[in-house]
Amino acid sequence: MDMIEAKHLSRAFGKAHRPWAKQSPDALRAVDDVSLRVAAGEIYGLVGPDGAGKTTFIRLLCNAIRADAGEATIAGYSAARQPELARAQIGYLSQRFSLYEELTVLENLRFFAEVRGLPAQEWKPRCHEILAFVGLDEFGSRRAKLLSGGMKQKLGLAAALVHRPRVLLLDEPTTGVDPLTRQDFWQLIIRLVSDAEHGVAVLVSTPYMDEASRCGRIGLLHHGHLLTEGTPTQLRATLQGRVLELAGTPLRALRRIAEQDVGVEDVQMFGDRLHLRVKPGAGDDVISRLRAPAAPLQVTRLRSVPPQLEDVFIALTAEVAAMPTTEGK
Amino acid sequence: MSTVILADNLTRRFGDFTAVDHVSFEAQTGEVLGYLGPNGSGKTTTIRMLLGLIRPTEGRAEVMGFDVQHDTERLRRQCGYMSQKFALYDELTVWENLTFYAGVYGVNERARLNETLKWVGLVGQEKTRTTALSSGWRQRLALAIAFIHRPRLLFLDEPTSGVDPTARRMFWDLIYALAEEGVTVLVTTHYMDEAEYCGRVGIMRAGKLLAMDTPSNLKAKALPGRAWDVFAEPLLKSLAVLEATPGVTRAGLSGDHLRAITLPGVDVNALHAALGAAGVTVAAVDAVEPSLEDVFLALAG
Amino acid sequence: MTNSRLLSIIRKEFVQIARDPRTLVLALIIPVVQLFLLGYAANNDVRNIPLAIYDQDRGPTARALIDAYRAADYFKLAYDVDSEAELRTLIENGDARAGLIIPADYSLQIKSGSSAQVAFILDGSDPTAASTALAAAQFIGQAHATAIMSERLQQKGQTAALTLPVDVRTQVWYNPDLASAYFMVPGLTGMILQTLTSILTASAVVRERERGTIEQLIVTPIRPWELLLGKLLPYTILALVNTFEVLVIGSLWFNVPVRGDLFQIALVSGLFLVTGLGIGLLASTIANTQQEAILTVWMTLLPSIFLSGFFFPLEAMPRFLQVISYAIPLRYYLVAIRSLMLKGVGIESLQPQIIPLIIFGLLIMSAAALRFKKRLD
């Protein structure tokens with residue numbers, strides 16, 4: 001069953017939001033006709049840079065702001081018409097999970113449980129259950145202030161889950177977090193969705209491709225538009241054979257030659273090597289042309305490499321000219 | 001080639017907390033040196049010590065040949081610094097921000113300002129308030145400001161957090177162009193993928209510099225074995241099987257599949273055999289390039 | 001040689017001030033609002049105290065006494081009652097603030113040449129008003145008594161009118177009507193100079209820290225004094241505009257005389273301004289957020305208001321508070337500005353105020369400059 005369903009959701013800020021005002025080019029369509037579904041047991045990654053509309057989209061799902069058009073449904077409840085029922089199904093963890101540093105782990109959880117309306121006889125067993133799940137059961141009486149960054153993040157997750165939501169919204173949950181912590185965190189999320197009985201749907205927003213690659217399905221958001229959707233593997237497959245890695249000396253001269261090759265669409269430098277994106281089917285031709293440049297240029301490595309999600313994103317947005325925009329946050 | 005940055009056992013404590021713990025490294029002219037680590041690992045504190053913004057508790061450092069504690073003003077004059085928050089004044093326009101910092105650096109030639117603006121591609125946006133710029137453009141204006149006095153060394157603290165991949169690539173092209181002219185660049189990032197852009201990368205964790213080398217060497221040295229993407233169902237059971245398989249040094253969940261690091265002797269067949277014996281359905285086992293995150297996990301674990 | 005770094009800072013500060021119209025408007029309006037509030041509300045003048053009269057005599061002699069009270073502005077004959085109980089009720093529920101009881105035999109006693117007793121009752125719950133009213137009541141009563149005495153002597157055939165052995169004639173200088181505005185307006189310029197400048201300066205510096213721009217400024221070749229001066233100058237000008245504003249409204253609306261030399265007033269105000277700016281800077285070196293900065297400035301504000309003689313005369317304070325008041329710069333400025341404006345004295349006779357102000361300015365500024373280093377730790 002689809003736990004999150006967005007149908008043609010749109011929201012503009014600035015003049016375009018006021019229908020009586022003249023439409024102006026600087027009015028920002030933060031979310032523009034976005035439709036997506038996330039089923040129970042699925043992790044959906046909403047990927048895009050700052051200002052792409054990720055936060056606005058999440059706010060539309062929570063009905064924290066009104067949609068100009070379209071509809072969002074959370075576990076069968078309309079976000080706009082049944083906001084309280086819909087919100088009761090949502091657990092939300094923001095980038096800066098708001099905990100009360102002066103309170104203990106258990107006091108924090110109790111607070112969030114009570115705010116969520118869990119009855120007195122229920123919150124205690126539930127808090128211990130959720131603490132055990134995130135691995136913090138030994139730390140119930142520790143002040144939140146004294147937790148490590150990773151433990152705080154887990155407490156934030158516990159607080160978001162304490163009322164047994166069926167939809168979990170994560171806003172950039174592991175930006176800048178220690179990879180070890182991040183690994184732990186994702187194990188928890190994957191365990192959560194793997195639980196067939198409760199079947200939580202997770203939507204993760206992130207600007208980072210490496211975080212996105214952990215999701216079951218990804219949607220690429222760009223200027224409020226959903227450019228494409230698919231599993232990481234599917235998305236990468238769209239560029240299969242079109243990304244070449246080139247190493248050699250001097251790299252900068254090799255770059256200029258590569259940029260002039262008719263089969264090459266884009267060249268990106270990576271420290272000691274280049275990545276070339278070639279036109280569909282042009283891979284072998286490009287390799288044969290560039291393999292042996294005139295002396296003193298030298299190519300030490302030239303081969304096809306598995307495309308990264310970032311390559312996919314850039315290829316998809318290549319046609320969008322890099323114009324300064326008036327995007328606010 | 002000469003040494004532009006020399007850090008010798010740099011250490012900084014804040015009370016009981018050691019933010020930077022005996023860090024030593026060198027940077028050469030024209031290098032693009034990455035400094036990779038999660039938030040709070042001591043990256044910013046290191047940069048601040050190199051610029052004389054905070055004093056080291058222990059150790060010493062020289063930047064452009066000047067001692068960071070005693071010749072602070074002279075070394076700062078030759079350095080550009082782009083701090084994490086993009087030090088822009090929101091009430092001011094692009095041009096006003098640029099002329100303000102230019103004035104502070106004593107740069108008064110209009111030609112130089114126009115040239116800098118053109119370099120970062122902000123021509124035509126002079127009268128835009130900086131609040132109205134997207135993060136990618138704010139980042140470039142911040143770079144223009146850091147480079148307005150043509151320093152020989154640039155410190156960039158988390159320059160690309162939150163900017164979109166296209167803007168990030170353009171930004172890196174600007175950085176490479178500078179390096180080509182002999183400007184040394186030290187750039188911090190918490191973003192594992194971004195470190196791939198750097199000539200050499202230092203890996204920081206909990207104040208310690210775990211390793212510093214080219215991305216390729218890091219992968220070769222820190223991960224003597226191989227990396228695999230394993231597609232198998234059910235996921236959690238497969239993970240348990242991999243963790244128990246001899247020769248697997250690390251296994252973890254990676255979205256819809258598993259990532260495993262193994263010793264050099266382990267091959268596809270061995271992994272297939274181990275998973276198959278446990279009754280797991282294996283869709284694919286692919287040998288993959290290790291990422292810097294794999295390197296980080298190997299060094300940290 | 002022009003200093004481009006300093007100019008850059010000043011220009012930037014001005015643009016920032018101009019682009020933040022809300023703060024600018026507030027900074028310009030606050031003094032006006034304060035001036036009107038204090039000019040009208042904090043009025044110590046005692047006038048038209050409602051007086052209830054219980055005249056048991058009802059004769060012309062008693063009427064003459066009542067007329068004496070009516071003639072002065074201090075009292076307003078609000079009630080004429082028929083019993084002591086009625087008078088008590090009026091005072092108890094605050095309708096009347098004073099009561100006069102004239103006994104039934106008042107005329108008789110006067111006529112017989114003996115001493116007549118009248119009772120004057122005052123509501124002392126507002127001590128300021130009560131003490132003024134008390135003095136007025138006594139003064140009016142005595143004057144009336146003297147007049148009666150003088151009449152009696154004349155009736156006894158003495159040709160010369162009564163001459164009192166000592167005749168005290170009071171004269172109130174500089175503020176003959178004892179109007180509160182005269183006292184408040186010069187005081188207010190001091191309050192505004194200190195409050196507004198210290199808060200604006202503190203938040204202007206702390207804002208750079210909050211936004212992270214200070215870090216960028218520190219790595220530039222700018223010198224600490226250039227940064228400080230560049231930050232302070234625009235706020236100095238703003239503060240002088242405020243002073244001017246208060247003086248203009250004070251003299252045109254409240255008719256407060258400006259007897260002293262305008263240049264000297266500006267000079268002394270400028271001198272005091274250094275203290276206000278210094279407090280702001282000092283607060284900014286302690287605080288990390290604008291909120292902290294404002295609260296820190298606020299801490300210096302209350303003692304300044306209460307221990308400077310702004311509201312309450314220093315002479316009436318306990319000894320130890322008087323000693324503390326010597327450490328309050330506003331104390332010296334208030335004396336100086338009141339003297340300059342109301343008395344029109346010259347700066348040369350204000351050395352006991354000006355020298356401490358110079359010392360305070362130097363001390364606070366150097367403390368701020370010492371703490372303001374080009375470092376983050």
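G270(C) is found in helix α10 (residues 262-286) of chain C; helices (H or I, at least four residues) and strands (E, at least two) are DSSP runs, numbered from the N terminus. With a relative accessible area of 23%, G270(C) is partly exposed, where buried means under 20% relative accessible area, exposed over 50% and partly exposed in between (1.4 Å probe, protein chains only). In sequence, G270(C) and I237(C) are 33 residues apart, while their C-alpha atoms are 9.7 Å apart in space. The model is a predicted one, in which local features need pLDDT of at least 70, side-chain atom pairs count only at pLDDT 80 or more, and totals for chains, interfaces and linings use all residues. Residues are numbered from 1 along each chain as its sequence is written, chains are lettered from A and ligands numbered from 1 in the order in which they are written, and side-chain values use heavy atoms, with hydrogens and water left out.

I237(C) also belongs to a nonpolar patch on the surface, formed together with F14(C), W225(C), L229(C), L233(C) and V241(C). Patches are made of residues with over 30% relative accessible area and no salt bridge, with like charges joined within 9 Å and nonpolar side chains (Val, Leu, Ile, Met, Phe, Trp, Tyr) within 5 Å; a salt bridge is a side-chain nitrogen of Lys or Arg within 4 Å of a carboxyl oxygen of Asp or Glu. Together the patch residues have about 500 Å² of accessible area, from the Shrake-Rupley method with a 1.4 Å probe, and for residues only the protein chains shown count as cover. Helix α9 (residues 224-252) of chain C gives the most to this patch, with five residues. V241(C) lies in helix α9 of chain C and is partly exposed, at a relative accessible area of 39%.

Confidence in chain C is expressed as pLDDT, the predictor's confidence in each residue, from 0 to 100. The chain averages a pLDDT of 83, and 91% of its residues score at least 70.

Turning to the backbone, two cis peptide bonds in chain A deserve a mention. One joins T249(A) and P250(A), with omega about -20°, and P250(A) sits in the loop between β11 (243-249) and α9 (251-260) of chain A. Another joins A295(A) and P296(A), with omega about 5°; the loop between α10 (283-290) and β14 (298-304) of chain A holds P296(A).

Positive phi values also occur in residues other than glycine. In R150(B), phi is about 55°; R150(B) lies in the loop between α5 (135-146) and β7 (153-157) of chain B and is partly exposed at 26% relative accessibility. In R58(C), phi is near 65°. R58(C) is placed in the loop between β1 (49-55) and α3 (60-71) of chain C and, with a relative accessible area of 42%, is partly exposed.

The disulfide count over all chains comes to zero, a disulfide being a pair of cysteine sulfur atoms within 2.5 Å. The cysteine sulfur closest to that of C79(B) is in C198(B), 18 Å away and too far for a bond. C79(B) is buried, at 2% relative accessibility, and C127(A) is buried at 0%.

As for the assembly, contact means heavy atoms within 4.5 Å. Of the two pairs of chains in contact, chains A and B share the most contacts. Chain A and chain C do not touch, and their nearest C-alpha atoms are 16 Å apart.
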